[in-house]
Amino acid sequence: MFDNSLMIQIWADIDFPRGDGFYFSLYSLGLFAIVYSSWIHMSAWIDQDSTESDLNPVFWNSITIAAFITGGSLFWVSSKPLFSFFALMLGVVVPFAVYIFSRNPQVPEEKKLFTPNHLKLLASRYLKINFESNTGSYSSNIPIRFIGKSSDRNNPGEEAKISRVEESEHYQSALEVIYEAFQFRATDVHLEPGTDEMSVRFRIDGIMNQRESLTRQTGDAVVNILKVLANLDISEKRKPQDGSFSAEVQDQQDDADDEDRPKKKSRKPTVLDFRVATAGSVSGEKMVLRILDGSKSMGSLKKLGMREKLKNQIESIVNQPHGMLIVCGPTGAGKSTTLYACLSEIDRFQKNVITLENPVEYQIENVTQIEINTKAGKTFATELRSILRQDPDVIYVGEIRDKETAEISCQAAQTGHMVFTTVHANDSVTAFGRLLDLGVAPFMIANSVSAILSQRLVRVLCPKCKVKYRPNPEILKRFNLSPDKHEFFYKAKSEARQDEPDDSPNCKNCGGSGYRGRTGVYELLVLNENIRNLIRDNPSIGLIREEAVKAGMKYLQEDGLRQVVAGNTSIQEILRVCK
């Protein structure tokens, strides 16, 4: 039987060297716990950020873990406190610093960390240090200035208002938000209040993009500055309000200091018009700004991405002596842009053209443009009655919203006027249903409407980073395409990464989204006698659609497929937009 007392005696006789005190230093354990907790948060952030920035999270996670294991091992092995602490800190700080150094060149300017601007932002946010008064050149680096409401630019009261706004503490922040939106080609800016921050989001090419948030104090101040510019009541934060203001953006190329390159002649500044809308929410007041580039000239049908046959049909319709062309689609589908292009096809010097808009987006030469103002009693219906006494040849009605406007427009189309207008409908056939729901008589629709154009905007693939791939045979079969004639399609680089990991940096031309700009896909329904009879006798949406297809109407997806075959967009984008 084994004698335990003997073993105890043997261990007692062994002279084991020990130091004074505990086996472990409590200070070292506490220090390690603090550093380890910081490393956990840092490595979690690197994992999340590298995933969002497409910077190979597996590689950076491996670097972070390996560096900490090395530093931690040296910390416990070394008997010198100063060296062990230095080794532990290197294991945490070095991978973080290397990641930031590798990350900054591959992300947009506003996402870069520990740059001078970022350090100023941190100091102002957490230390309440204001750099604006000491850095006048920093403010002047933003080539944008507010000029008040576009219709009152020469009003002395506007100048006083601008001067008062420029003295505001957070005026610099407002300039930064607006100029960043301009740089990223945003069409809308959303300022959304939260508990501690004001979220900033831009709509770019129809997609919402999250930008760097503002502190709640700064965000509320920016909202108040923009409300003052738009002549809104800053004390009212619950009821919805709407207004407008303008800004000028100076061409940065004019201020180039490169001596080896001759300076370009000064250009006129870009004028941006902003439509402002506010609404009260449970967290505070939300603001949305719609950006209209007033410096852009009116486009033509050739620039809208229409196929040649469709363009010729539209040109023929807009030059008819009377009738009605309706453009339909959801909000933001480019309906107004298409009708502006239609106006460019008309001889505006031989015809009297009058528009009713809300608001006026582009200034058109030799066209009488009237802006709707519901607060002053100027609605589409009341103004439409008035302009019929102005001997118009062509009338552009911004939108048909009610029965009265719809009936007056149809009557004008039957009495020798050409009417252009828009309706919110999913496709060209359901636009008939929309007019019927408003209460317009079927015979009036049949006698007045010449054609209905439905459209959507799809994003265009970035020409510098789009990826060629072999399409799935099932996709080709679904769209009746031959595998021999359509061997390759294109898709965005961001979509290609889902199939094959790609460690290359983001494309600077598109910012990593894979798309830059938008083009249109269209569905044109031209009314013939058979369709008119169906509307008069039996306004059935199904029968009208069948007759329209027989007459040669192509659905939105069919027209979008033409853009896919041409390499302008992707199948995924067409399926997203044209459901």
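Helices are taken here as DSSP runs of at least four residues, numbered from the N terminus. The model is predicted.

H8 itself covers residues 171-183. Its 13 residues reach 18 Å from first C-alpha to last, close to the 18 Å expected at 1.5 Å a residue. The helix is mostly covered, with 10 of its 13 residues buried. Among them are Tyr171, Leu175, Val177, Ile178 and Tyr179. Gln172 and Glu180 are buried too.

Helix H9 spans residues 216-229. At 1.5 Å a residue, its 14 residues should span 20 Å; the end C-alpha atoms are 20 Å apart, which agrees. Ten residues of the 14 are buried, so H9 is largely enclosed by the rest of the structure. The buried set includes Val222, Val223, Ile225 and Leu226, as well as Lys227. Just after H9, Asn231 takes a positive phi of about 60°.

Helices H2 (residues 26-52) and H4 (residues 81-103) form a pair. Their axes come within 11 Å and cross at roughly 15°. Angles under 35 degrees count as roughly parallel, and H2 and H4 are therefore roughly parallel to each other. The crossing of H2 past H4 is left-handed. From H2, the contact is made by Leu31, Phe32, Val35, Trp39, Met42, Trp45, Ile46, Asp49 and Ser50. H4 contributes Phe85, Leu88, Met89, Val92, Phe96, Tyr99, Ile100 and Arg103. By type, the residues of this contact comprise 14 nonpolar, one polar and two charged.

Note on methods
Residues numbered from 1 in each chain as written. Predicted model: local features only at pLDDT ≥ 70, side-chain atom pairs only at ≥ 80, totals over all residues. Heavy atoms only, no water. Helix = DSSP H or I, 4+ residues; strand = E, 2+ residues; numbered from the N terminus. Expected span 1.5 Å × (residues − 1). Buried < 20%, exposed > 50% of the residue type's maximum accessible area, 1.4 Å probe, protein only. Axes fitted to C-alpha atoms, helices over the stretch in contact; angles between N-to-C directions. Parallel < 35°, antiparallel > 145°, perpendicular 65-115°, else oblique. Left-handed = near helix turned anticlockwise from the far one by under 90°. Contact = heavy atoms within 4.5 Å. Nonpolar A, V, L, I, M, F, W, Y, C, P; charged D, E, K, R; others polar.
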